Structures are given as structure tokens and as C-alpha cells.
Amino acid sequence: MGLLLDSHRRRALARLLLRLNTPLCVVSYMAGVIWFLGLAFSPLTQNTYISENAMGSTMVEEQFEGGEHALSYARDFIAQRRKTGSLPVTWLERTMRSVGLEVYSQSFSRTLPFPDETHERYMVSGTNVYGILRAPRAASTESLVLIVPSSPGTLNAQAVGLLLSLATYFRSQIYWAKDIIFLVTEHDLLGTEAWLEAYHDVNITGMQSSPLRGRAGAIQAAVALELNSDVVTSLDVAVEGLNGQLPNLDLLNLFHAFCQKEALLCTLQGKLQHSDWASLGGSLHGLQTLMLMVLRQASGRPHGPHGLFLRYHVEAITLRGINSFRQYKYDMTSVGKTLEGMFRKLNNLLERLHQSYFFYLLPSLSRFVSIGLYMPAIGFLLFIPGLKALELWVKLNKVDFGPEDRSGLNHSPPQLIGQENRGVALTPLVAPVLISQATGLALYLLPVMGQHVAAQHFPVAEAEAVVLTLLAIYVAGLALPHSTHRVVSTSPRGPDSGWMALKLLALLYLALQLGCISLFNFSLGFLLAVTMVPAAALTQPSGPRLLYAVLLVLVSPGATLLGSLFLWRELQEAPLTLAEGWQLFLSALAQGVLDHHLYGALLFPLLALGLYPCWLLFWNVLFWK
Amino acid sequence: MAMAAPLTLHLLLALLLGSSGPSRAEPERDSLREELVLTPLPSGDVSATFQFRTRWDSELQHEGGTNHHFLRYAVLPREVVCTENLTPWKKLLPCSSKAGLSVLLKAERLFHTSYHSQAVHIRPVCRDSHCTSISWELRQTLTVVFDAYTTGQGKKDWSLFRMFSRTITEACPLASQSHVYVDISKNSQDNVTLEVSPPPKSTYQAVVLGVRRTYAVYDLLNPATFSGSRSLNLQLRWKQQQDSGGHLVPFLHAQRYVSGYGLQTGELSTILHNTHPYRAFPVLLLEIVPWYLRLYIHTLTITTKGKENKPSYIHYQPAQDRLRPHLLEMLIQLPANSVTKVSIQFERALLKWTEYTPDPNHGFYVSPSVLSALVPNLVGTKPTNWEESPLFSTMFPISDSSSHFVRLYTEPLLVNLPTPDFSMPYNVICLTCTVVAVCYGSFYNLLTRTFHLEEPKRSRLVRWLANIIRRIRGVPPL
């Protein structure tokens, strides 16, 4: 503190900062990126371990033998499903009741804000069926959930069969301390959302559903199961939930432990673990898996029904059976044994899962990066807008000789002693900031509100109208500098102070937003920071303007989304052509808007109301006159 | 399970001081009555209820009238009944577990059931009509429900031996009455008949839970009961396999849950079902909620069939932090064939860090709410003589000819409170926050203060010393 209190040293520090600003920024950016890429390498990753004592020491012996039984249930399910044309509710209820469960069903309906072309649905109504296995002599205060989504596209018949078979087996056991809810939902995530909202008796997304008649206390953990073949070659696990939330790492560790015990082939992001972790190839493979996880987490979409449970503080994962061309296959019995083991261990829990990490990145199933080790990466990146803002601040106070403007917004403390007090004129900034925010608001509201008008006047369907309006408003925002300049009178303080003040404000706004985002969704924060920060730091209305403009357009949130799609498919080893990429981009836009309205995903409002206006401010800086 | 009333398992000790209603004069002294009631349920499960009643004279004199200051109610919602509760309970029995019905009380069978409930009631009873002297009554009950699915391997036929791995050989020698009752009444919807062997010598009709039931009676004091073999092994056989879909739904049942998400607020909801086809009746709802759930009493809403249902009586005693829980008592009228929802919002309090239990992430229990009601009967009865009728008929005492008394406990709730992470990261966070706080102070100072450069003022002593040095150096003084 003494360093800053002493005016001479302060002046020296400011001078140093000005001189070393650019190299510092470059070094900081490099450090951030290299740190991130280094996350997959051994000093930064740790081996996973089960922290929860209640699940650690006692290994259970799995005795589930109902694999064949599960397949016969699955065949019945398919036959019934074909007969009724939708979820065979009565058959499911009868079967669950004959198994000895307490059976209830719930009907729900939801009209989407606009037709969903990917899933081909608009007015959705369906039924969820669930059976509760009551723990003997317990008071129904805690429960576990096994959930199978069954929708017309992915029937998950084998998963339903395995669920029923597991219910039969679990029912005959005496050791349960928590109730177990066996849930079959229709219309994948919509059904899950309807059930969860009804279970917790809340209505967040405007879902119409009948109230639940049977409950089983506080849900402690949930496992979602998706199986579409009689045999599987591997089990893939999905952890990323709504808004990038992750389940407690212990749940994943539990799954991994049983994978090893049953000698199952388990994958993460569809990638097998590399045999030799220490080698360069292994680490690069880990980096690839890690990048996939970052991309999926950044999307903020629930990657499976488990993703919706996380909002309710219920730890959950989704297991997907994969049937590929690999020679060695596993039958339903081994999958069932894995689930039996997991449920028995979860049954032993005395407290909610809380011992292990909630914030982590996974380069493979057996290794993880904790929050303390990945946060420096974004710290380095967010250092740059800070440095740049400081530089602008110092410059503004030196260049500028206008009268002191002390409006309410002015947060300028008097500067160096012996000089006149100077400040930043904020009045010229009001117009661009307001206009940018208004554009963001229009981007957020108009596509869904104006879809009918658009569909009437143009020969497009509603869903297309939404996406095209979205793009139109987005692109129209680029023309803003012309209109804002008409409003802004020329600054009285010299030629550069106007854009500098605006850039200062925009940099602080960007740093604040990215900082907040990275706290709850590191992946999203990092992806946005690594693209936007350098362009934001470079932007100025002089120099190679065209280059800056191209750079700025390339790092705008929409372009980042497009780029991420290509990168994602590249990492999955299924590269996209340009046309496919564009199609995928359009559907991703529609899905993003839908996710916000259906499940409360925050990515769309975050981009439309926060980052896009911020990006427009930089665009304004670039075209400042 | 046909017992649709919420199955709560909790240890409840109710000590009632005061007169206990009209009881007959001159009860037998030091008398024991024991009985076992077997009720086959339509699902194939069997419920078995043991009742033991002992009475003895006491020198303790009883003051007239009930002093409400001595009424206490306490619940341990966390406690689950287990073998360590059974052993001392059995020791209270005059025959312990050596003879009579109590030989059936084998822990390994009783705890291999889907429902278990145990109770001890102590109360004074009047010895004469003027209540000049009293006797004490100790009544012990134990109810278990055997699960046809797990215990019976899918078969629905039962015998005493299969249930308890024991048979009855004799009555307790101290008992004045020892009976086994088997519910053989037909359910109205399905015409399934139940066969009991050995065939009963007599039957008994009673109105239980508002419905007329028929019981086969076996008197263990009658040597003819054991005439065929040395022991009595009752067997129940269903004549035809039936679908287990038909559930017996009681007229009054309830359900309770916590709604909402997040660790700040929530809502306690109690759902009361009146399934009686044509009679409305009032229910007294008692809620005792711990102080760390801060109830917002203005959010109390009671809705029946979409309309507001104003309670005719409300008694509310607000909580005091760390001293007293919330007490909320309401008299609510339940219309016929209706569902009533009582909900109240709460905020979760942040406890002091020493107040958390050793397992804070398990959650905190909220005791069950208690429902007391006079539920109308479907069939009329004439008032019976309590001393003559079997013990089980007093479990749901019939107040007048048209209704019976029921007290229900809803399920306890598990509520998560905002809990700090009591581990190493917690310490790290504390430390970091301290460091940040220190830095924040200085930065704030720096940003909000104006600094002026001032020539340092030297004190007289310093100047005097400096002048001496300057004089020595030959420089003009300051």
C-alpha cells in the first residue's frame, strides 16, 4: 500500500505500466492459453479418488442376474409401444404394480414458444410413469431415482426393460434404507422437467402438469439410463448439466469404480481412456477429451436428463449404452450389476454427496483438474482488460485538460498531486451504451415475440422466422455506429478522449461479465475470454481498421458459436463441411432459444443481454469519428 | 400396501396425566390381557398387531381434572425403531418372552417386515364411578406388516410359523384373557374368500375404522384350542389368487412434503384427503416446526377444490430462536370427497457454526404434523362396553354411534439448511476472505481519499539536533 500512497513511486509505477503494457498483455495472454493447454498434463491433473467415506470402504457384491428378464421386458415394451403408438402407460403401470411398486402417473403438456424442428414438436403432451419402492421400516425421508427417458425418436426400450428388471430384483432385497423411484418419462427432457417441477411443487417454465400423488422425501441422487441395444460395447457417461452445472465428482468416481470392478469399457465424451497417461500421446488424448468437455459445458445445455436434476441440488449422471463395431460385447446383466452396485453404495450414504469437488474438468475418467488449478488460466486472460483499462485511465488523465466533470457517475478520484484534477466525460458515452443495450434487448425479445408477424410477411415457417430474425437483428447491430454518432455531439475534450472513455468502460464491462461467468461456468467464461479479450484489447479507431473489423467480427459471440461447432465436430473426428456447419449453426441458435424457454438455460439471455451489447461497444469504438 | 395412511416410524412417548374418560368401576387388579390380531390385506401382505394390557393399583393419588401445564409432547423424528427398542419393551411384559403370545416376538422376524410400530401407553384409570381411587394401566402395542413379496417369495398364503418362525403353545399363565383374532371379513369389491385353519370356535363382529369387520376368535385359555395338536399354528389360505389392485383407502389420510428449491426459502405443504363419499368432518392439524425454519405466517394458505378454506380456529405461537419451536394448530373442515392443501412458506436460517449436527449435509428433520379427527362411520354401531370388548377395538375408539376417533402422523421431513463446507477448503476460504478484507480496506482508502504533498514538519527536538549536526558540518542552520 505504501507503494501506491507515495506519489513519486506511483508516478513511476504508472510510467512503467504504460511502457510495459503491451508486452505484459501479450505475456499474460500466452500464459493463460498455455496454462489452459497444460491442464491435461500431469502436474496439473490429479488422480480421482472417492472422498465420501460412506461409499468408499464397503465393497458390495452384486448379485443381479436379470439380464434375460430385462430383454423380455424390453420386447414386451416395444410390442406395447407399437400397439398404443405412444408410451404404453397402462402396461407400464400394470407391470410395475405386479413387481410390487407403488405406481403413479403424471400427465403434462407444454406448448413450445415456436416449433422445434430438430425434434419435430410444437404442442407436446405426454405422461410420466413412476413406481416407488418403499424402503422397509423407514419413514420415506430420502430417495434415489433411476430415470429412463423414452421418446418417439429414442425409445430406450432396453433401458426400460432393465429398469423393470432391476425393480424386480431390488424389491426382493431387504437392505434398502432409502426409497427408490423408478421413473419412465416421455418426450425426454420435457417429461423430466415436468416431473421434477411437480415433485418440488414449483412452476418455473410454464409447464402444465398434473400434481404428483406419491412422493418419497428428499432426492439424494439420480442416475439416468439410455440403452438402445440388447448388448453394449461400452458405457458413456455424461456429466454436463444445465448452465454448465456439474454433479459432485464422487458420483462419477463411483461409476468409474464399478466400471473397473465389472471390467466394463467406460468412456467420457465418447473417448476411451488412453492406456499410457504419462506419454505425450496420452496427454494429448486427454487434452482432446478436456476440450470436448469444455465445449459441452460452455453450451449450457443439459446433456441428458440428469442435467435438469442439478438445479434441485440432486447429484445426477447419465449413462448411455454404446453399441459399436468392437468385438467384445457386454450383456444387460453386467450393465445391471453396475447399476445395482451404484445404487447399493448410494443407499449407504449418510449425507448428501458433498465431500468431493463440484467444479472440475475431466481429461479422462480417472483424472481430473480441480478449480484451484484451472482458474489461473482465466485469471491471466482477465488480467489483460484490466491492464488495458489502467493504461487508458492513465492516458485519459494525462491527455485531457478539460474542466473537471463530477457527475454522479464519475468515479474518478483526483489523480497525481501537483497536476490538475482530470476526469472522464461520461455524457457522450450514455448514447452508445443505451443503444447497444437496447439492441441486446431487441435481440432477446423480438425473435420469439415477432415470429408470427415475420411468418405472415415472409414465406418462412415460425422456427425459421425466429432464427432469421435473430440473425437479422444481430447483423443490424453492426450498423449502429452510424446512428449513434448522429446522437453524440463531439467531445469537448480533444480528439481521442471520446473513444478512450468508451473503450475503458467497455473493457471494464467485459472483464466484469467474463469474471462473473467464469465463476459459475468456467468453460463458457474461458471460451469467450480467449476469443474476445485480444480483439477487445486491440480495437481502436486508428491503424489498420479493416483488420480490426474483421478480427472483431470473427470473435463476436455468434461467430464464436459457429467456430465452436466446427471445433467440436473436429474433436469428435467427424468434421463438418461449410454447408453442414451452417445448418448446424442455425439449428443450434433455435435450440439455444428453446432451451432458455423450456428449461431456463441462461446462455441465450447472457449473450443477448450481456455480451452482445458489450461487443457492440467495441464495434462503436472501432468506428468512432 | 393397503395401509394407505402414511407410514411413520417414530418413537412417541405420550404421558397423559389426568382422568381418562369414562371407564368402568372396579377393574381387575394386576390383571394381564393379551391379544394378537391378524389382518390379511388385499395385496397379500399380513398385518399383525399385538396388544398387552396390565393394570395395577397404586398408592399414588390422583388430583382431579387435567392440568394442562403438565401436558408435554415431544418427537424424535430422526429415530428409527430397532432391536434396541424391542428388548426393553419386551421386559415390561409380565411373561417377558417366555410364554403366551410374546413367544412370537422374535427380533429377526419382526425386523424383516415392511412396517414396524411399537408403543407404550401409561394412564391412570378410575377404579369407581366417582373416581376416588385410581389404578394404573400399561398398554403395550406392536404392529408389523409382513411383506408378501419379499418374505413370502410371491406366495400369499400365511401361517404363524412362516411369519414368526414360532407357534403358540400356551397362554401366558398370568393372563386373565388371551385371544387371537383373525380378520375374515369379505372385501366388498372382490368376492375372495379366506380360509383359516384350524376352524375357529367362534366369531366376533366389530366396527373398525368405520367399516364392519368379522373376526375369527381363538381363546388360548380354552384348552380346546390346542386339542388337535400341542401347538396352535394358524394358517391363512386365499381360495383364489386375486389381483392386488384393489386398495383399501381410509377415509382420512395425509401427505406432507417440502416444495421449492435452493437453500434460501421453501414451502411446507400438507395434503389432506377426505375420501368419505358424503360426509364432511373437521380435522385438528397440529404442526410443530423447529425455529430454524422461519415460517412466514402470512403465507399460510388452505385451499380445497380450488377455493380458499378458512379454518374455524387457529392457534399460533411463534418460535423463539434456540428456545421454542413454532406451534401452529388449526381446525379445518374437510368437505366430502375432497383434497385440501395446507401450505406455508419458510426461510431457512443460518445456524451458528457450533449448532450444526455432526452430519450437517444430511439435513435437518422436521417432525410430522399430527391430525386428529372424528371420522364418520359408514355403518352405525351401538356403544359397546369397553371392558368386555377386545383391546383392538379401542385403538380407534368410537365416540358415539356414528364416528370414530383417528390420530394420524404424517411423514417426517428432511430439510437441508445452508451449510458451510466444514473442511479444509472452508478454512482456506476464511483465510482468503480475511486477506481480501484487509486489502479491500487499504484500496478503498486509497480510492476515496485526497492526497496532498506536504513538506514534512520536523519537531523542535529534531530541528535542534539537525542544527547541531549542521553547525558541526559548517552548514548554515535551518
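**Exercises on the interface between two domains of chain A**

In this predicted model, about 840 Å² is buried between domain 1 of chain A and domain 2 of chain A, and carbon and sulfur atoms give 39% of that area.

**Exercise 1.** Determine which residues of domain 1 of chain A lose the most area to domain 2 of chain A.

*Solution.* Begin with the bounds, which place 13–40, 375–398, 427–487 and 495–623 in domain 1, while domain 2 takes in 67–107, 119–188, 218–272 and 301–352. Next, examine the side of domain 1 that faces domain 2, where Q591(A), D595(A) and Y599(A) lose the most area and together account for 51% of what that side buries.

**Exercise 2.** Work out how many residues of each domain of chain A are in contact with the other, and how far apart the domain centres lie.

*Solution.* Counting residues with heavy atoms within 4.5 Å, one finds that eleven residues of domain 1 touch ten residues of domain 2. The centres of the two domains, taken over C-alpha atoms, are separated by 40 Å.

**Exercise 3.** Describe the polar and charged pairings across the interface, and then the make-up of the domain 1 side.

*Solution.* First, look for salt bridges, of which the rule finds two across this interface; the side chains of D595(A) and R301(A) form a salt bridge with an N to O distance of 2.7 Å. Second, count the residue pairs in polar contact, of which there are six. Third, turn to the domain 1 side, to which helix α21 (residues 578–599) gives the most, with three residues.

Key. Residues are numbered from 1 along each chain as its sequence is written. Chains are lettered from A and ligands numbered from 1 in the order in which they are written. This is a predicted model: local features need pLDDT of at least 70, side-chain atom pairs count only at pLDDT 80 or more; totals for chains, interfaces and linings use all residues. Side-chain values use heavy atoms; hydrogens and water are left out. Domain bounds come from an automatic or database domain assignment. Buried area is the accessible area (1.4 Å probe) that two parts lose on being put together, summed over both. A salt bridge is a side-chain nitrogen of Lys or Arg within 4 Å of a carboxyl oxygen of Asp or Glu. A polar contact is a pair of N or O atoms within 3.5 Å; within protein, one must be able to donate a hydrogen and the other to accept it, and residues adjacent in sequence count only if both atoms are side-chain atoms. Helices (H or I, at least four residues) and strands (E, at least two) are DSSP runs, numbered from the N terminus. Ala, Val, Leu, Ile, Met, Phe, Trp, Tyr, Cys and Pro count as nonpolar, Asp, Glu, Lys and Arg as charged, and the others, Gly among them, as polar.
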